[in-house]
Amino acid sequence: MTSVAARRERLRIFHPKTRSADVIITDDLTFEAGARPYFVLSESEKYRVKAIMQIATALRDESDLVIFDGADILDQKGRNGLLTLLISLKAKVRALVGMTLARRELLPDLDSKGLGTSLWMEGGRIVKADG
């Protein structure tokens, strides 16, 4: 009989700057993060687990795009971690990230860094972040 640890498959989609806990799929197909069961995680931790699962699935089936909505559940550090992870995977999979922000100035300027396009939606109109 093998140990529980030996029977778990770890998803190691990790970028050092994100400081994400390892996501583990157990034999009964439940998730753990940092050795804590999914049901005890905070809502933002659950979002991170789901994001890692989306990325793992997209990489495995060679999807061209992954879509994340509701990233505003993450605090600034968590959003930065998600964007850092997605930037590190840019050559493998593209991403669309949606979130609600209180002010336009909080929108990351991906364009100026050559990392993508930042768009702002207000009053039914979508405009590039810079104008």
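This report walks through a predicted model of one protein chain, from its overall make-up to a few single residues.

**Overall make-up**

The protein chain has 131 residues, and 31% of them are buried. Its secondary structure amounts to 3 helices and 8 strands. Followed along the sequence, these elements give the pattern α-β-β-β-β-α-β-α-β-β-β. The accessible surface of the chain is about 8900 Å². Carbon and sulfur atoms account for 53% of that surface.

**The cores**

The largest nonpolar core holds 13 residues. Which of them touch the most other members? They are Tyr47, Ile55, Phe68 and Leu82. Three elements each supply at least two residues of this core: helix H2 (43-60), strand E5 (65-68) and helix H3 (76-88). The largest share comes from H2, with 4 residues.

A second, separate core has 7 residues. Among them are Val23, Ile25, Val49 and Met53.

Leu82 deserves a look in the viewer. Set aside its neighbours within four places in sequence. Leu82 is then in contact with Tyr47, Ala51, Ala71, Leu74 and Val97.

**Two helices side by side**

Two packed helices are described by the angle between their axes and the distance between those axes. Here, the axes of H2 and H3 come within 12 Å. They cross at roughly 10°. Angles under 35 degrees count as roughly parallel, so H2 is roughly parallel to H3.

Which residues make the contact? From H2 come Tyr47, Arg48, Ala51 and Ile55. From H3 come Gly78, Leu82, Leu85 and Leu86. By type, the contact residues divide into 6 nonpolar, 1 polar and 1 charged.

**Pairs across the sequence**

Some residues stand well apart in the sequence, and the table lists their spacing in the model.

| Pair | Apart in sequence | C-alpha to C-alpha |
|---|---|---|
| Val23 and Ile52 | 29 residues | 7.6 Å |
| Asp64 and Ala95 | 31 residues | 8.5 Å |
| Leu86 and Leu115 | 29 residues | 9.9 Å |

Start with Val23. Val23 sits in strand E2 (residues 23-25). Is Val23 buried or exposed? The cut-off for buried is under 20% relative accessible area. Val23 has 1% relative accessibility, so it counts as buried. Val23 also belongs to the second core.

Next comes Leu86, in helix H3. Its relative accessible area is 10%, so Leu86 is buried as well. Beyond its neighbours within four places in sequence, Leu86 is in contact with Ile55, Phe68, Ala95 and Val97.

Asp64 gives another picture. Asp64 lies in the loop between H2 and E5. The cut-off for exposed is over 50%. Asp64 has a relative accessible area of 57%, so it is exposed. Leaving aside neighbours within four places in sequence, Asp64 is in contact with Val93 and Arg94.

**A residue with positive phi**

Glu62 is found in the loop between H2 and E5. What is the phi of Glu62? It is positive, about 60°, although Glu62 is not a glycine. Most residues other than glycine have a negative phi. Is Glu62 buried or exposed? Its relative accessible area is 67%, so Glu62 is exposed.

**In brief**

H2 and H3 run roughly parallel. The loop between H2 and E5 holds Glu62 and Asp64. Glu62 is exposed, and Asp64 is exposed too. Val23 and Leu86 are buried.

Notes:
Residues numbered from 1 in each chain as written. Predicted model: local features only at pLDDT ≥ 70, side-chain atom pairs only at ≥ 80, totals over all residues. Heavy atoms only, no water. Core = buried A, V, L, I, M, F, W, Y, C linked by side-chain atoms within 4.5 Å. Buried < 20%, exposed > 50% of the residue type's maximum accessible area, 1.4 Å probe, protein only. Contact = heavy atoms within 4.5 Å. Axes fitted to C-alpha atoms, helices over the stretch in contact; angles between N-to-C directions. Parallel < 35°, antiparallel > 145°, perpendicular 65-115°, else oblique. Nonpolar A, V, L, I, M, F, W, Y, C, P; charged D, E, K, R; others polar. Areas by Shrake-Rupley, 256 points an atom, 1.4 Å probe, with all protein chains shown as cover.
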